[in-house]
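Hi there,

Here is the structure I promised to pass on to you. Have a look at it first, and then read on for what I found.

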Amino acid sequence: MFASWISPVPVRTFCSLCALVLLVRPGLGSELRVRVRLVDGLITEEVLEADSERDSISLEFKQGDGTLITFVADFKQNVKVFRALILGELERGQNQYQALCFISRLSHNEIIPSESMARLRQKNPQAIRLAEERRGLEQLTMSVAVNLSRTWQLSSHIHNMCSEAREAIYTSEADVKHWLDKGVDGSMFEILPQTADMPSLQACRSTKDLWQPCLCIYSLRLEWYPCLLKYCRSRDTTGKGAPYKCGIKSCSKGYHFTYYVPQRQLCLWDEET
């Protein structure tokens, strides 16, 4: 599943409230393609898929710089996973692309249930969607490395999704504590160096030597996703009101990940401006 990139073109339809409806007819596909405007003004296509059997939702799109962003919400395990496939700078000695994975707990009401997502359809597929709510930036210190071979304990989605990021899978100490309390094997986690352990450790944007360790920052934004269900009320023959699902509320949310890298070379995007 790879989202397609759409070149910027004159747009006649710009819509924040163009109707998306929940259909209850069985047998419909679970993929939804939504056109959204990125923060740099370019238009891209998000591909959203629901898997009711595995109780999960995935969202994927390509950024203007060619980076492929994938997000998975695993409702069975209450885990969310972000993956970034970043095009490498070959002229600066990088590989063709660099993969990163960030794993965190999925909170209640972050995104609509998979069964509702599977029934979601849009009346105007050409409309450019604008999120109704712009949620606050979430800043996450990902100070723990995760061993890929044992991630099945957290979510069955992680192994395939993050296989290319084998040495760059991160989570937070707060989430590790939660999972350890749930009985997860602690040998899957490795605490990474922090400034308290290495006083000389600096932010990568302040580190000039490409072979020095530093603290990297990676930021991304999910520009449009269905975050809440909307309910309408109908009246039966006795005049009593009854609520029913009649649509969704859309949200946009940014994420700011800070994590340790053994070489500045692995964080070339984080530069002083």
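This is a predicted model: local features need pLDDT of at least 70, side-chain atom pairs count only at pLDDT 80 or more; totals for chains, interfaces and linings use all residues.

First, the overall picture. The chain holds three helices and 17 strands. Of its 273 residues, 47% count as buried. Among contacts between residues at least 6 apart in sequence, 68% join residues at least 24 apart. The accessible surface comes to about 14,100 Å², and carbon and sulfur atoms account for 50% of that.

Now to the charged pairs. Side chains of opposite charge can pair when their charged atoms come close. Counting a side-chain nitrogen of Lys or Arg within 4 Å of a carboxyl oxygen of Asp or Glu as a salt bridge, the total is 13 salt bridges.

One of them brings together Lys249 and Glu133, with 2.8 Å from N to O. Lys249 sits in strand β17 (residues 241-261) and Glu133 in strand β11 (residues 133-134), so this pair ties together parts that are 116 residues apart in sequence. Glu133 has a relative accessible area of 25%, so it is partly exposed. Lys249 is partly exposed too, at 26% relative accessibility.

Another salt bridge, between Lys177 and Asp181, has an N to O distance of 3.4 Å. Both residues belong to helix α3 (residues 173-181) and are four residues apart, about one turn of the helix. Lys177 is exposed, at 54% relative accessibility, and Asp181 is exposed as well, with a relative accessible area of 60%.

Then there is Asp270, which forms a salt bridge with Arg205; their closest N and O atoms are 2.7 Å apart. This pair links distant parts of the chain, 65 residues apart: Asp270 is in the segment after β17, while Arg205 is in the loop between β15 (189-191) and β16 (214-235). Are the two partners buried or exposed? Asp270 is buried, with a relative accessible area of 2%, whereas Arg205 is partly exposed at 35%.

Salt bridges that share partners also join Lys80, Glu110, Glu138 and Lys253 into one network.

Glu223 is buried yet has no salt bridge, and the nearest side chain of opposite charge, Arg134, is 4.0 Å away. Leaving aside neighbours within four places in sequence, the contacts of Glu223 include Arg134, Arg37, Glu46 and Cys251.

Finally, have a look at strand β7 (residues 79-87). Eight of its nine residues are buried, so β7 is largely enclosed by the rest of the structure. On one side, β7 runs antiparallel to strand β6 (residues 68-74), and seven bridges join the two. Val79 in β7 is the bridge partner of Asp74. The two strands form a hairpin with four residues between them, and Asn78 in the turn has a positive phi of about 55°. Strand β8 (residues 97-105) is also antiparallel to β7, and nine bridges join that pair.

Definitions and conventions
Residues are numbered from 1 along each chain as its sequence is written. Side-chain values use heavy atoms; hydrogens and water are left out. Buried means under 20% relative accessible area, exposed over 50%, partly exposed in between (1.4 Å probe, protein chains only). Contact means heavy atoms within 4.5 Å. Accessible areas come from the Shrake-Rupley method with a 1.4 Å probe; for residues, only the protein chains shown count as cover. Lys and Arg count as positive and Asp and Glu as negative; His and the chain ends are not counted. Two strands pair if DSSP finds at least two bridges between them.
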